[in-house]
Amino acid sequence: MGRFKIQFAIIAVISAIFTYVILYYPSNEPTIYIDVLIEGVMAISCLFLMFFTETLKDSREVYRTLIISSCLLFSGHYLDVIDEFTISLALLDALEATFKPLGFLLFIAGSYRWVRFHENQSEQLKHLAEVDPLTGLLNRRAFTEKAQSLLLQPFNENQHVSVIVFDIDHFKGINDSHGHGLGDRVLTEVAAIVKSTLKKNDHVARLGGEEFVVLLNDTGVDRAKEIAEEIRTNIEAISILHRHQQIQCTVSLGIVSEHAVNTDITTLIERADMSLYQAKSDGRNCWRVAV
Ligand SMILES: Nc1nc2c(ncn2[C@@H]2O[C@H](COP(=O)(O)OP(=O)(O)OP(=O)(O)O)[C@@H](O)[C@H]2O)c(=O)[nH]1
């Protein structure tokens with residue numbers, strides 16, 4: 001706030017000196033006070049714009065554009081005010097005719113950039129709120145919302161939807177033996193493999209820790225089993241070189257398949273989770289189907 005006051009004072013002093021010097025050339029035309037009032041209000045508004053712009057420093061580009069535009073607009077309107085009191089000076093007229101349109105164009109450009117900047121920021125925030133930063137997959141909340149809205153679509157009676165929940169086997173052991181950095185690499189590799197195994201309109205998310213979920217739209221149990229087996233074998237084939245050692249991992253999977261009508265994602269995940277525990281207790285590195 002202190003800096004605002006200093007800047008404001010500097011502008012006020014410069015304007016006062018300029019006004020004092022220029023008023024030595026009194027106009028021989030009658031002064032139109034309504035024009036003085038209008039231009040005065042415009043000049044003061046531009047001055048406010050100039051100081052409001054201080055708050056837009058999040059984006060240097062927008063800040064620079066708007067500060068230049070408000071300076072030009074202020075100068076243009078201010079020259080117009082004193083022009084009412086002096087004889088017509090060609091230089092003042094030329095400056096005024098340049099500053100005002102240029103300031104206006106920059107104001108439009110700056111405002112456009114400001115809107116774009118905020119759009120980008122809210123897109124980034126949305127992305128951060130929906131995506132797991134390590135794997136780039138959807139997080140649990142975003143997945144649940146997406147899946148729920150997908151399940152609200154009208155389906156015919158024969159359409160099925162399937163969910164696969166899977167979990168990396170003995171992941172704690174991987175972390176403990178090779179460190180969390182390697183554990184993170186395994187999570188990233190697993191996520192990439194699953195993504196490349198699925199079709200574009202299937203959804204995959206990281207539920208948390210080393211647990212993942214896949215939603216297979218319009219997919220019955222037979223196809224879901226095939227996909228689960230593909231995921232299992234593709235993950236089994238992962239081999240990460242770490243300190244001269246090849247690190248491998250396996251997953252256990254639970255599958256549930258339901259009529260798409262009248263089902264909800266929370267129940268599907270819970271049932272798939274139970275099958276996943278069955279797969280774990282049956283020796284891991286396998287899939288089981290909910291009955
Ligand atoms: N590197 C890493 N580890 C994580 C992350 N999130 C959770 N973990 C670890 O994942 C491990 C999960 O261990 P457990 O729940 O015992 O599961 P597990 O060892 O895979 O055993 P089973 O599932 O029974 O085969 C814990 O050691 C957590 O610290 C993460 O983002 N990065």
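In strand 7, Val251 is the bridge partner of Ile168. Strands (E, at least two residues) and helices (H or I, at least four) are DSSP runs, numbered from the N terminus. The model is predicted: local features need pLDDT of at least 70, side-chain atom pairs count only at pLDDT 80 or more, and totals for chains, interfaces and linings use all residues. Residues are numbered from 1 along each chain as its sequence is written.

Strand 7 covers residues 251–259 and pairs with strand 2 in the antiparallel sense. Nine bridges link the two. Two strands pair if DSSP finds at least two bridges between them. Strand 2 is also joined to strand 4 (residues 211–216) by six bridges, again running antiparallel. There, Glu211 of strand 4 stands opposite Asp167.

Strand 2 spans residues 160–168, and nine of its nine residues are buried, so the strand is largely enclosed by the rest of the structure. A residue is buried if 20 or more other C-beta atoms, placed from the backbone, lie within 10 Å of its own C-beta; it is exposed if 12 or fewer do, and partly exposed in between. Both faces of strand 2 are covered. His160, Ser162, Ile164, Phe166 and Ile168 are buried on one side, and Val161, Val163, Val165 and Asp167 on the other.

Ala224 belongs to helix 8 (residues 221–236). Ala224 is buried, with 24 other C-beta atoms within 10 Å. Beyond its neighbours within four places in sequence, Ala224 is in contact (C-beta atoms, placed from the backbone, within 7 Å) with Ser162, Ile164, Leu216, Thr219, Ile255 and Ser257. Val256 is 32 residues from Ala224 along the chain, and their C-alpha atoms are separated by 8.3 Å.

Notes
Two residues are in contact if their C-beta atoms, placed from the backbone, lie within 7 Å.
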